[in-house]
Amino acid sequence: APSPPLFVKIYLDNQITTMDGLSDIRRSVKVAVSVTTFTSREGSNPKLHHNEGLPSLHYAFALALRSKLLSFTAAQQLERLRHVGSDISAIDLRTAMTCIIQAPDIVVTTKVPLLIFVRDKMREPSSPTLGENEVSSAYNLIIGELHRGEFMTVKRATKASSYYIVPDNSDEKSLAYWAFIYIQRSEAKVAIAVYHPAGNQAAANVLEEFRIAWNKLMHRVNQLLLLESLHLTRVASALLILEHPQIELGTISQSKPTDNISSSAQYECEEVFRRRFHLNHRCEINTTILELGSSVLHQFAVANRKGVFVYRDEKENIVYMTLAGSDHVELVVKGVATPETSVTQQLCRLIEKKLLSIALEHLSSLLTKNPYFDLKPVDLEFLETYESAYQGSEVSSSAPFNEFDYYFPQACVDPMLVLLYFRQNICGSTYFHRLQVSDKFDSESE
């Protein structure tokens, strides 16, 4: 049998209105709808009856109508609140959040699963194998990155993990659209909901932008978790730094500076600092890098990655470093933030001084083995400027050596004879040797 007809009455402030009346609303009103049906009963005439148990078709229509009404009133509320601006009160924020929930027809939503790095594996925060401290630490990082505002500008909406996103093109008097983020810990997901006055397609476009921004934020969070684990354990995850067991450090040091940290690692950090150091021509690159790694950087070494070092600076930024080069030594630093002066100045200064010491040791070794070794002009220049370079002071080109003047006493009758004896004593000593420098340097000096 066909379903009985259905009648609808619309009330504005308890007064019956028409569909045209809905479009003419200019103030806050109370909207209500009543639904009636005709039903036939045996032994009675058809009559208008308020039926609590509507036929299925009518019931579905009533639900759809209710949803449309909720969407309509929610849209009106959202539009009104949108013009309050970014400096919105907590009460109005809660009202806007309620409207977002009540208006699925005009709001575009999505849910993004949460995955965090814990114990050398990507896991859901809701995993029963995780401890409360591990989960809380991860969520604190997420909330911290939200408040930092690099990927999106947000303000807390409620005491719970709910935030509303402030659009970039908004001002204090108006929001371009409504967008909310809900961190759902029990489901290990984050929900993003967007209402846009231009319609659902515009809302979907905004939602996609925030989904991408959220993925970037979670990428940063997992990088921070990986860096924290690297610093605490001195063991690198393949998600941060891929392993190359077939390559030795000496081979890597002659390749490109970043070849020993593969760019294919999922959470590899970007380069945040690079410094090039002069390498003395007497030093061999592979040996020098190995010596730097076993001295200056030894306490920062990563156990399962050759030539990789991890460091936490004075502002708690964690970075990892490698040494590379061919005709020079290069320090490459990677992380999520630019390191502080303990890396960019102090550590670099230690490396510079160590390189100077290594070069001096090489020259000393050569002269010890062969006192008549023919030094090059660049070697003599290095020896002249070594002390100033090691102390970090500027080298004076006019007086590269430390010079002292000694005056003969008046009783000295023949100074030349004294100088002759002085030279003979020096030449006869096993501690002094005549400096052998190439003819090119002698001709230039003359």
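1. A quick definition to start: a salt bridge here is a side-chain nitrogen of Lys or Arg within 4 Å of a carboxyl oxygen of Asp or Glu. Side chains of opposite charge can pair when their charged atoms come close. Please keep in mind that this is a predicted model. By that definition, the structure holds 16 salt bridges.

2. Have a look at E145 and R220, whose side chains form a salt bridge with an N to O distance of 3.7 Å. E145 belongs to helix α4 (residues 132–148) and R220 to helix α5 (residues 200–233), so this pair ties together parts that are 75 residues apart in sequence.

3. Is E145 buried or exposed? It counts as buried, at 9% relative accessibility.

4. Next, the strands. The side chains of R274 and E330 meet in a salt bridge at 3.2 Å, N to O. R274 sits in strand β12 (residues 270–278) and E330 in strand β15 (residues 328–335), so the contact ties together parts that are 56 residues apart in sequence. R274 is partly exposed, with a relative accessible area of 32%, whereas E330 counts as buried at 6% relative accessibility.

5. One more pair to check: R312 and E316 form a salt bridge, and their closest N and O atoms are 3.0 Å apart.

Methods: Residues numbered from 1 in each chain as written. Predicted model: local features only at pLDDT ≥ 70, side-chain atom pairs only at ≥ 80, totals over all residues. Heavy atoms only, no water. Helix = DSSP H or I, 4+ residues; strand = E, 2+ residues; numbered from the N terminus. Buried < 20%, exposed > 50% of the residue type's maximum accessible area, 1.4 Å probe, protein only.
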